[in-house]
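This briefing is intended for a reader who has the sequence and the coordinates to hand. It takes up confidence, helix packing, aromatic pairs and backbone geometry in turn.

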Amino acid sequence: MTQAAAPTPAEQRWAQFYAYGPYALLALSTAVGAAIAGTTMTTGELNAAGVLLVAQLALQVWWSSVNGLALPKPSVRSECYYVLRTALAFALTWLNPFFAIHASIGYFDVAHVVRPRLFRPALLVVAATMAGSQSGGLPPRSTTQWLVFGGLFAVNAGLSAVFGQISIKEAENAREKAATIAALERALAENAALQAQLVVQAREAGVADERRRLAAEIHDTLAQGLTGVIAQLQAVTAAQDPAAARVHLDRAQALARHSLGEARRSVQNLAPAALEHAGLPEALEHTVAAWAERTGVDARLTVTGDEEPLHDEVAATLLRIAEEALANTAKHAAAGRAGVTLSYMGDEVTLDIRDDGRGFDPAALQGRTAEGGFGLDGMKARAARLAGEVTVESEPGTGTAVSARVPLVRHD
């Protein structure tokens, strides 16, 4: 539920005036009227004034108990209060002109206790009360006094019109302000709900992204490593020479240890071991040489541009893309040669992996390979996390070129 907006300091001051002002004006008019009552009022008028004064005071006490110090709002109850107060003030002014001082309160709070359609009739009654007091008292007793009363009534009616217009404008501004505050509170509530929803979605997206990262890392470490281990073990069984078999067995063991270490580093979200003590060019050199030795494919690395220290995430991403692309070449291309080119190009760095294998139709590929790997989509996802991209050019029988482009973010 929307809570009411806290009143401004100005609204608080007006609320205090509406609460205490009638008492102050009633006390002032009573004091001034009492000073001349002995010469202008009969005993019956004094008694009547006393009764009306007590009734006015009782009405004001009742209203204070009902409304308190809150800024009043138009309602049937507030309109009854205004009508009774104005009628009693008119009657008191009839008996003693100085009670018009108290009647003047009707000019100020009309917008807060009377609905707009009743503004003018209410203010005209106040204007008649004020004109009667200013013309020498009610009722006028001569033609001249009637003329003076008429003129003063016209002046007071004009003033009441001005007060009424000001009151209407003030009431409209108050309503617009209340509507604006209510709309802002609704917007804040909606924003709070949206923020909570976004936090949940961000948490879920973070979990999903971490799962994808781990899946890709496991594919790039365990899956590729196990594929290499299997290939070396198959070579052991096919080897006739014990020395050659021993070489393949040593390679299988080394691959298994390396893959296990890389898997642990992936879970801990650490950079690949090849980058721990070397830059990207050295890590790629080692990766390409080891791959060429395992597969028997002639592979070379070329580095162009001015080498710069790359951010760990950029270097790790490009290394993983190179490993995945070379693994795909080994599994599917039946290539005789492969080339890896690392290019530093000002504000970006590119990595190109080409082979002269059998090629394929990129449009015919699925999101994952038949063996459950992530393939090209995994490389594209890695580059996309760095605002980069991976493109593939290939046709059956013409080889394959994989190109990765990412922003060149320097090491901190």
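The points below are grouped by topic. The model is predicted, and the chain has an average pLDDT of 82. Within it, 84% of the residues score at least 70.

**Confidence**

- Among the elements of the chain, strand E3 (residues 348-355) has the highest mean pLDDT, at 96.
- The lowest mean pLDDT among the elements, 73, belongs to helix H8 (residues 242-267).
- Over residues 367-373 pLDDT stays under 50, and the model has 6 contacts beyond four places in sequence for this stretch.
- Where pLDDT is low, the predicted coordinates should not be read in detail.

**Helices H2 and H3**

- The axes of helix H2 (residues 43-67) and helix H3 (residues 76-95) cross at roughly 160 degrees and come within 10 Å.
- Because angles over 145 degrees count as roughly antiparallel, H2 is roughly antiparallel to H3.
- The crossing of these two helices, H2 and H3, is left-handed.
- On the H2 side, the contact includes Leu52, Leu53, Leu59, Trp62, Trp63 and Val66, while residues of H3 that take part include Tyr81, Leu84, Leu88, Leu92 and Leu95.
- Charged residues also take part in this contact, among them Glu45 of H2 and Arg77 and Arg85 of H3.
- By class, the contact of H2 with H3 comprises 16 nonpolar, 3 polar and 3 charged residues.

**Helices H9 and H10**

- Helix H9 (residues 280-295) packs with helix H10 (residues 312-333) at an angle of about 15 degrees, and their axes are 10 Å apart.
- Since angles under 35 degrees count as roughly parallel, H9 and H10 are roughly parallel to each other.
- H9 passes H10 in a right-handed crossing.
- H9 contributes Leu280, Ala283, Leu284, Thr287, Val288, Trp291 and Thr295 to the contact; the residues they meet in H10 include Leu318, Leu319, Glu323 and Leu326.
- The residues of the contact of H9 with H10 divide into 12 nonpolar, 3 polar and 1 charged.

**Helices H10 and H11**

- H10 also meets helix H11 (residues 375-384): their axes come within 10 Å and cross at roughly 170 degrees.
- H10 is therefore roughly antiparallel to H11.
- From H10, the contact draws on Thr317, Arg320, Ile321, Glu324, Ala325 and Asn328, and from H11 on Gly375, Met379, Arg382 and Ala383.
- The contact of H10 with H11 has 4 nonpolar, 3 polar and 3 charged residues.

**Aromatic pairs**

- A pair of aromatic rings is described by the distance of the centres and the angle of the planes.
- With ring centres within 6.5 Å as the criterion, the count comes to 7 aromatic pairs.
- One of these pairs is formed by Phe149 and Phe153, with 6.2 Å centre to centre and 20 degrees between the planes.
- The Phe149 and Phe153 pair counts as stacked because its planes are under 30 degrees apart.
- Both Phe149 and Phe153 lie in helix H7 (residues 143-238), where they are 4 residues apart, about one turn of the helix.

**Backbone geometry in loops**

- The peptide bond from Leu138 to Pro139 is cis, with omega near -10 degrees.
- Pro139 is located in the loop between helix H6 (119-134) and H7.
- Ala334 has a phi near 55 degrees, which is a positive value in a residue other than glycine.
- The loop that holds Ala334 lies between H10 and strand E2 (337-345).

How values were computed: Residues are numbered from 1 along each chain as its sequence is written. This is a predicted model: local features need pLDDT of at least 70, side-chain atom pairs count only at pLDDT 80 or more; totals for chains, interfaces and linings use all residues. Side-chain values use heavy atoms; hydrogens and water are left out. pLDDT is the predictor's confidence in each residue, from 0 to 100. Contact means heavy atoms within 4.5 Å. Axes are lines fitted to C-alpha atoms, for helices over the stretch in contact, and angles run from 0 to 180 degrees between N-to-C directions. Angles under 35 degrees count as roughly parallel, over 145 as roughly antiparallel, 65 to 115 as roughly perpendicular and the rest as oblique. A crossing is left-handed if the near helix is turned anticlockwise from the far one by less than a right angle, and right-handed if clockwise. Rings of Phe, Tyr and Trp (its six-membered ring) pair if their centres lie within 6.5 Å; planes under 30 degrees apart count as stacked, over 60 as edge-to-face and the rest as tilted.
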